[in-house]
Amino acid sequence: MAISFNAIGQAHVSFSAAESAAAGKVCKLTANGTVGACASGDSFCGVVTDVRAGVAAVMMSGYAELPYSGTAPSVGYQTLAADGSGGVKTVTTGGRSLLVVQVDSANATVGVFL
C-alpha cells in the first residue's frame with residue numbers, strides 16, 4: 001500500500017502577486033497583501049500554487065513537496081529557509097521549523113507539512 005500525504009490540511013489564501021511570484025515556488029510578503037520571490041535565507045510564508053491576473057494562490061498550510069538545495073534535510077522537525085531559487089535549504093538560524101516526512105535525495109525534493 002502506498003502512502004500519500006497529498007491535500008492533507010491544505011489551506012490556500014489569495015494575495016496580490018508581485019512580478020516575481022511564480023507557481024511552485026516558496027514566497028514571502030513583499031508589501032501589504034502582496035507576495036513575491038524569496039532571497040536565499042529568507043523565511044517563507046507559503047508556496048505559490050497558481051498566479052492569474054495579478055493574484056497568487058498561496059498554500060499556507062498542509063503538505064507540500066519542494067525542491068531543496070545543499071545538504072539533504074533529515075526527516076523530523078527541521079529548520080528550513082528559502083534557497084533563493086524557489087526551493088528550500090536547511091539553516092541553523094532564521095527560517096522556520098517544519099515537519100519533514102520524506103526526503104528524495106535522487107530528485108532533491110523534500111515533503112513537508114507547512
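This is a short chat about a predicted model and some of its residues.

User: Hi! Before I dig in, what kind of model is this?

Analyst: Welcome! The model is a predicted one.

User: Let's talk rings. How many aromatic pairs does a search of the whole structure find?

Analyst: The search turns up three aromatic pairs. One of them joins F5 and F113 in an edge-to-face arrangement, with 5.8 Å from centre to centre and 80° between the planes.

User: Why do I get both a distance and an angle there?

Analyst: Because a pair of aromatic rings is described by the distance of the centres and the angle of the planes.

User: Got it. Where do F5 and F113 sit in the chain?

Analyst: They come from distant parts of the chain, 108 residues apart. F5 belongs to the segment before β1 (11–17), while F113 is in strand β10 (residues 109–113).

User: Which residues do the ring pairs link into a cluster?

Analyst: The cluster consists of F5, Y63 and F113.

User: What about F44, what lies over its face?

Analyst: That would be R96, at 5.2 Å from the centre of the F44 ring.

User: Switching to the inside of the protein: how many residues are in the largest nonpolar core?

Analyst: The largest nonpolar core has 16 residues. Those with the most contacts inside this core are V26, F44, L66, V88, V110, V112 and L114. As for elements, β6 (63–67), β7 (76–82), β9 (96–104) and β10 each give two or more residues to the core.

User: Which residues is V112 in contact with, if I skip its close neighbours in sequence?

Analyst: Leaving aside neighbours within four places in sequence, V112 contacts G62, Y63, A64, L66, L80, L98, L99 and V100. There is also a second, separate core of seven residues, and its members include C45, V48, A56 and V58.

User: New topic: how do the strands pair up? Start with β7 and β9.

Analyst: β7 and β9 run in the antiparallel sense and pair over five bridges. Within that topic, Q78 has L98 in β9 as its bridge partner.

User: And β9 with β10?

Analyst: That pairing is antiparallel too, over five bridges. Here D104 is bridged to T109 in β10. The two strands form a hairpin with four residues between them.

User: Where does A7 lie, and what is its phi?

Analyst: A7 lies in the segment before β1. Its phi is positive, about 70°, although A7 is not a glycine. A7 is exposed, because its relative accessible area is 53%.

User: Last stop, strand β3. Is G36 buried or exposed?

Analyst: G36, which is in strand β3 (residues 34–37), counts as buried because its relative accessibility is 0%. Beyond its neighbours within four places in sequence, G36 is in contact with A18, S20, A21, V26, C27, K28 and T30.

User: How far apart are G36 and I8 in space?

Analyst: They are 25 Å apart, C-alpha to C-alpha, with a sequence separation of 28 residues.

User: And T34, which residues does it contact?

Analyst: T34 also lies in strand β3. Setting aside neighbours within four places in sequence, T34 contacts F15, S16, A17, A18, K28 and L29. At 15% relative accessibility, T34 counts as buried.

Notes
Residues numbered from 1 in each chain as written. Predicted model: local features only at pLDDT ≥ 70, side-chain atom pairs only at ≥ 80, totals over all residues. Heavy atoms only, no water. Phe/Tyr/Trp six-rings, centres within 6.5 Å; stacked < 30°, edge-to-face > 60°. Lys NZ or Arg CZ within 6 Å of the ring centre and 35° of its normal. Buried < 20%, exposed > 50% of the residue type's maximum accessible area, 1.4 Å probe, protein only. Contact = heavy atoms within 4.5 Å. Core = buried A, V, L, I, M, F, W, Y, C linked by side-chain atoms within 4.5 Å. Pairing = 2+ DSSP bridges.
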